[in-house]
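Open the model in your viewer and keep the sequence panel at hand. We will go from the whole chain to a few places inside it, one selection at a time.

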Amino acid sequence: MSTHASDPLAALGSLPGVADAVDSVRKAVDRVYGHRVMRRRSNEISSEAALRGARGSAALSGADWALEEVRRRTDFSADPEARTVGAALRLGAEAGQLLSIWRQSPLRVLARLHLVAAGDPDDSVGRPRLDGERVDEPLIEGPAPTPAEVAGRLDGLAELIVAGGGAPALVTAAVVHGELLALRPFTSYNGLVARAAERIALVGSGLDPKAVCPAEVGHAEQGRAAYLAAFEGYLSGTPEGVGGWIAHCGRSVELGARESTAVCEALQRGAA
């Protein structure tokens with residue numbers, strides 16, 4: 001992400017396709033929030049959205065389990081896939097507890113997310129990686145930025161979040177997600193942390209205050225190939241590439257909203 005405007009995130013709203021994506025997301029969110037079931041049973045919808053979001057995020061990180069398997073399992077320590085699913089579930093549960101800190105100290109939140117994802121901390125957990133430390137990220141290939149570059153760009157991202165500004169929530173959330181994927185600031189679980197941070201940005205902005213539009217569901221539904229192609233666009237830094245990434249994230253939020261609308265319909269029919 002690079003722009004020299006006084007409000008860099010707001011300036012991204014003029015990129016190709018972004019305004020349409022923002023409008024489509026708002027309509028999708030309004031539809032699920034307007035469902036009659038949301039007025040009576042929003043806590044159930046939020047809980048189900050967290051579960052389905054965790055399943056989707058884990059799938060992108062290589063643990064593509066059926067929803068019912070995620071719902072049924074209690075032991076998430078047996079193997080790498082199980083640990084990935086467990087990490088995603090813990091992040092989904094933790095994200096809502098960090099909203100009050102996000103706008104004041106986003107770097108503290110990111111450190112906490114990594115600590116929660118790792119579960120069994122060692123001395124590399126909960127802080128950006130150091131020189132010589134290896135990055136274990138199954139989805140994103142290629143050399144990771146140096147720790148010095150990571151530190152500088154994380155500080156810049158935190159400044160943008162704390163400053164706020166006039167950017168649509170979708171734009172801010174997509175940039176948070178894209179930057180964290182690009183930086184891979186931790187030794188592990190960067191993809192899971194990036195998607196959890198995107199969720200916090202969407203919820204904390206007021207766009208999805210009840211956390212019922214899990215973008216992770218949409219990212220998984222669109223598939224790993226489309227996710228990586230959109231992310232490559234973000235990495236390119238071109239207006240078309242960054243705009244395409246934001247639009248991809250927007251479509252993911254729409255699909256998450258559609259998923260929760262289907263849950264509302266099922267509850268209304270007494271089928272769930």
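**Before you click**

This is a predicted model, in which local features need pLDDT of at least 70 and side-chain atom pairs count only at pLDDT 80 or more, while totals for chains, interfaces and linings use all residues. Residues are numbered from 1 along each chain as its sequence is written, and side-chain values use heavy atoms, with hydrogens and water left out.

**Stop 1: the whole chain**

Show the chain as a cartoon: there are 13 helices and zero strands. Helices (H or I, at least four residues) and strands (E, at least two) are DSSP runs, numbered from the N terminus. The radius of gyration, taken over C-alpha atoms, is 18 Å, close to the 19 Å that the globule rule gives for 272 residues, so the chain is as compact as a globular protein of that length. That rule is 2.2 Å times the number of residues to the power 0.38. Of the 272 residues, 51% count as buried, where buried means under 20% relative accessible area, exposed over 50% and partly exposed in between (1.4 Å probe, protein chains only).

**Stop 2: the largest cavity**

A search of the whole structure finds two cavities of 30 Å³ or more. On a 1 Å grid over the protein atoms alone, a cavity is a set of points where a 1.4 Å probe fits but cannot get out, and a pocket is an open set with protein on both sides within 12 Å along at least five of seven lines; lining residues have an atom within 4 Å of a point. Grid points are joined across faces, edges and corners, and a volume is the space filled by probe spheres set on the points.

Select Gly53, Ala54, Ser57, Ala88, Leu91, Gly92, Leu192, Arg195, Ala196, Arg199 and Glu216, which line the largest cavity. The space inside is about 70 Å³. Which helix gives the most to this lining? Helix 10 does, with four residues.

**Stop 3: the second largest cavity**

Keep Arg199 and Glu216 selected, as both also belong to the lining here.

**Stop 4**

The largest pocket has a volume of about 290 Å³. Of its 13 lining residues, select those closest to the centre: Pro80, Thr84, Asp136, Pro138 and Tyr189. Helix 5 (80–95) provides the largest share of the lining, four residues.

Next comes the second largest pocket, at about 230 Å³. Its 14 lining residues include Arg103, Gly164, Ala167, Thr172 and Ser205, the closest to its centre. Helix 8 (147–163), helix 9 (169–183) and helix 10 each give two or more residues to this lining.

**Stop 5: Glu48**

Finish by selecting Glu48 in helix 3. Is this residue buried or exposed? Glu48 is buried, with a relative accessible area of 15%. Leaving aside neighbours within four places in sequence, Glu48 is in contact (heavy atoms within 4.5 Å) with Leu67, Arg71 and Val263.
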